[in-house]
Amino acid sequence: RLSRSPNTYLWTFAVGILGFAASDTNTSEEFIMELSSTVALVTGAASGLGRATALRLGRAGAKVVIADLNEEGGQETAAELGDNGVFCKVNVADEADVNAALDLAESTFGGTVNVAVNCAGIAIAKRVLGRDGSPHALDAFEKILHVNIGGTFNIIRLCAARMAQSEPNAEGERGVIINTASVAAYDGQIGQAAYAASKGGVVGM
């Protein structure tokens, strides 16, 4: 949360958004009022948790940029939200792509992104030492870290820069950034060395 005074707003917002995304309950009037002035960027929003989060936000009154490399899934998510959603093809680890998504939010919805939810991520299944004795490819390991850690940080830094330039609301808040990791950060499974390391990095941030 970008504001002058610390409080529990970030945590309540994060729990509310992610819990709400996982729920099938109807949107409440109170939640809709909370999000009526929200312009959100959700990464990985073409499928899974990202899509569920984007749909819940949009259906609750927020304006949502669906950021993903999956054009078909992203366009489907945007179509479900009508005027409250717009798709942007984004590589989260690419500065120009992320800035283009932030510019699109401003030109489409008339406001700066004030909520960013990081759900984008990739994974591979590869043992540190394969059954044939071959070691895990270093470039494959680095690719997972580049997208999952580097991409998450890229969203954080570029969204924070935009939020910091916006006018605060009545409570002095300019925006919220929510990062999602995985239980793999604490208890990785066989073949998850790269993925678990990347999610541990997200937790560390």
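Q: What is a disulfide, and how many does the structure hold?

A: A disulfide is a pair of cysteine sulfur atoms within 2.5 Å. Such a link is a covalent bond between the sulfur atoms of two cysteines. This structure holds zero disulfides. The model is predicted: local features need pLDDT of at least 70, side-chain atom pairs count only at pLDDT 80 or more, and totals for chains, interfaces and linings use all residues. Residues are numbered from 1 along each chain as its sequence is written, and side-chain values use heavy atoms, leaving out hydrogens and water.

Q: Is Cys88 buried or exposed?

A: Buried means under 20% relative accessible area, exposed over 50%, and partly exposed in between (1.4 Å probe, protein chains only). Cys88, at 12%, is buried; Cys159, at 0%, is buried as well.

Q: Where does α6 bend?

A: The bend at a residue is the angle between axes fitted to the seven residues ending there and the seven starting there. In α6 the bend is about 30 degrees, at Gly150.

Q: Which residues does Thr152 touch?

A: Contact means heavy atoms within 4.5 Å. Thr152 lies in α6 and counts as buried at 4% relative accessibility. Not counting residues up to four places away in sequence, Thr152 touches Asn118, Val147, Asn179, Val202 and Met205.

Key
Helix = DSSP H or I, 4+ residues; strand = E, 2+ residues; numbered from the N terminus.
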